[in-house]
Amino acid sequence: MIDPYLNTDAGTMSPFEHGEVFVLDDGGEVDLDLGNYERFLDVTLTRDNNITTGKIYQSVIEKERKGDYLGKTVQVVPHVTDEIKHWIQSVSSVPVDGQTRPADVCVIELGGTVGDIESMPFIEALRQLSFSLGKDNFCLIHVSLVPVLGVVGEQKTKPTQHSVRELRALGLTPDLLACRSAQPLIGSVKEKLSQFCHVPVENILNIHDVPNLWHVPLILRNQKVHEAIIKQLNLARSAGPPELRDWTQMAESYDDLKNPVKIALVGKYTNLTDSYLSVVKALLHACVACSLKPSIQWIAASDLEDATATSAPEAHAKAWETLKDSSCILIPGGFGDRGISGMILAAKYARENKVPYLGICLGMQISVIEMSRHVLGIKDADSEEFNSNTPARVVMYMPEVSKTHMGNTMRLGCRRTFFRRTDCLTSKLYGSPSHVDERHRHRYEVNPAYVAMLENAGLHFVGCDESGKRMEVVELQDHPFYIGVQFHPEFKSRPRRPSPPFTGLILAAAEYMGTPANNSNGHVGTSE
């Protein structure tokens, strides 16, 4: 995955501008597209699978400072392009599917648009790579939009023609065209594209709108994309037709779902749903496993706050109406103090009204703050993130985390969580192991000084790290489903292997609304 921006990684990017930051096992903070690759291919990628302009230039400059270029004038060509090629070839030799040998094919996605100044070194590096590898080892697929303009409804090919012309001028000729469109392409459009873009008609693929995303591999299979790629890469002896029987059943089962479950997602970045893409996908995986149709109710946390009742009464009333009409409540991760009061009110509502609740990262910390204020009576209870001067820091800054640098300084990547009680609900959701390995991304943690007080009040800390001092999982006693996790289980959820906390939430929501759910995930249960 190549992202031409100058950032070293996606860690410091605003969710409003770039969507969610996806976290890998090794702690890499990457573009959400890499998360899509992990989910669809069911592989485990590393930070090296994400190449950015920042990483490339950082590596080149470090080599120059060490004298690796032996006094030569360092230039974009050949030094930057050589670094890009070396990075691609190094990564392509590392297995990501649990096997011991390298993959037969390495997929490279170059983000951005043909003609972008920032992507020029990468296009030149790919041109050089295609020449050195030879035609049998390089297959270029150009993705383009075929829009429909005006009331006439004619599918326009000009944008694709121009982008292919630009690409050919830079030394790359597409072997296949992948055309996005609202409706299937008509035959004459394909013929026109073939004529002007010098691509065989059978190599012009159409990815049109489908009922759900899982149909995309199926429509590509139906257009025999695998045969075109196998032919181009001369893999006929080692590759056969794709086995998509289970995938087809999964896609069709989603289409057939009838019973909806309303999920209140109370967050800070609800204006851009891509900010919570992995959470949305994890909810989808869990719902399909339970034979329920997900209906996510997006609630801006700030709309629940008392101040909004005065400044925007209609938004306040609608937010509370939506929350109370939902069958479960989920508070995902986030940073900053905006909307925190609204999240606390949502957690309080879930606790007092026995509504199934799942708090992820910040959502777990919110449950701790809410219990401290409204059950323990500690009015000043707060997180050091929101109020560094509070005398009751129930959530505090982790001592090993940098307070001066933001990028790659959090507690990141896959970490082990040990269950303090193997009979707790969360452990049962995972199949009653002694520990689980999940991905983390946080700077703050529950203050150990308040753990005993909170447990006496009924909020049990059932999971911790290897030291036994860093709290990872909380459960509320005498509640059907009230769980908070410091980690991000959504990052390891897969279409046919949903995340246990999400599956538990959906099963609890089904029970709350009195709708039977078909749990196809075996060991997951919702009662102790």
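This is a predicted model: local features need pLDDT of at least 70, side-chain atom pairs count only at pLDDT 80 or more; totals for chains, interfaces and linings use all residues.
A residue counts as buried when its relative accessible area is under 20%, as exposed when that area is over 50%, and as partly exposed in between.

Apart from neighbours within four places in sequence, His208 is in contact with Arg180, Ser181, Ala182, Gln183, Pro184 and Ile219. The relative accessibility of His208 is 19%, so this residue counts as buried. As for a position elsewhere in the chain, the C-alpha atom of Leu304, 96 residues away in sequence, is separated from that of His208 by 39 Å.

Another joins the side chains of Glu29 and Arg441, with an N to O distance of 2.8 Å. Since Glu29 is in strand 3 (residues 29-31) and Arg441 is in strand 17 (residues 435-442), this pair ties together parts of the chain that are 412 residues apart in sequence. Glu29 is buried, because its relative accessibility is 2%. Arg441, at a relative accessible area of 12%, is buried as well.

A further pair consists of Asp382 and Arg373, whose closest N and O atoms are 3.4 Å apart. Here the two partners fall into separate classes of accessibility: Asp382 is buried, with a relative accessible area of 12%, whereas Arg373 counts as partly exposed at 24%. Salt bridges can also share partners, and in this way Asp25, Glu38, Asp42, Arg439, Arg494 and Arg497 are joined into one network.

Helix 4 (residues 76-92) and helix 5 (residues 120-133) have axes that come within 9 Å and cross at roughly 65°. Angles of 65 to 115 degrees count as roughly perpendicular, and the two helices are therefore described as roughly perpendicular to each other. Their crossing is right-handed. Helix 4 contributes Val76, Val77, Val80, Thr81, Asp82, Ile84, Lys85, Ile88 and Gln89 to the contact, and helix 5 contributes Pro121, Phe122, Glu124, Ala125, Leu126, Gln128, Leu129 and Leu133. By residue class, the contact comprises 11 nonpolar, 3 polar and 3 charged residues.

Leaving out residues up to four places away in sequence, Val474 touches Met364, Ser367, Leu459, His460, Phe461, Tyr482, Ile483 and Gly484. Cys464 lies 10 residues from Val474 along the chain, and the C-alpha atoms of the two are separated by 9.4 Å.

How values were computed: Residues are numbered from 1 along each chain as its sequence is written. Side-chain values use heavy atoms; hydrogens and water are left out. Axes are lines fitted to C-alpha atoms, for helices over the stretch in contact, and angles run from 0 to 180 degrees between N-to-C directions. Helices (H or I, at least four residues) and strands (E, at least two) are DSSP runs, numbered from the N terminus. Angles under 35 degrees count as roughly parallel, over 145 as roughly antiparallel, 65 to 115 as roughly perpendicular and the rest as oblique. A crossing is left-handed if the near helix is turned anticlockwise from the far one by less than a right angle, and right-handed if clockwise. Contact means heavy atoms within 4.5 Å. Ala, Val, Leu, Ile, Met, Phe, Trp, Tyr, Cys and Pro count as nonpolar, Asp, Glu, Lys and Arg as charged, and the others, Gly among them, as polar. A salt bridge is a side-chain nitrogen of Lys or Arg within 4 Å of a carboxyl oxygen of Asp or Glu. Buried means under 20% relative accessible area, exposed over 50%, partly exposed in between (1.4 Å probe, protein chains only).
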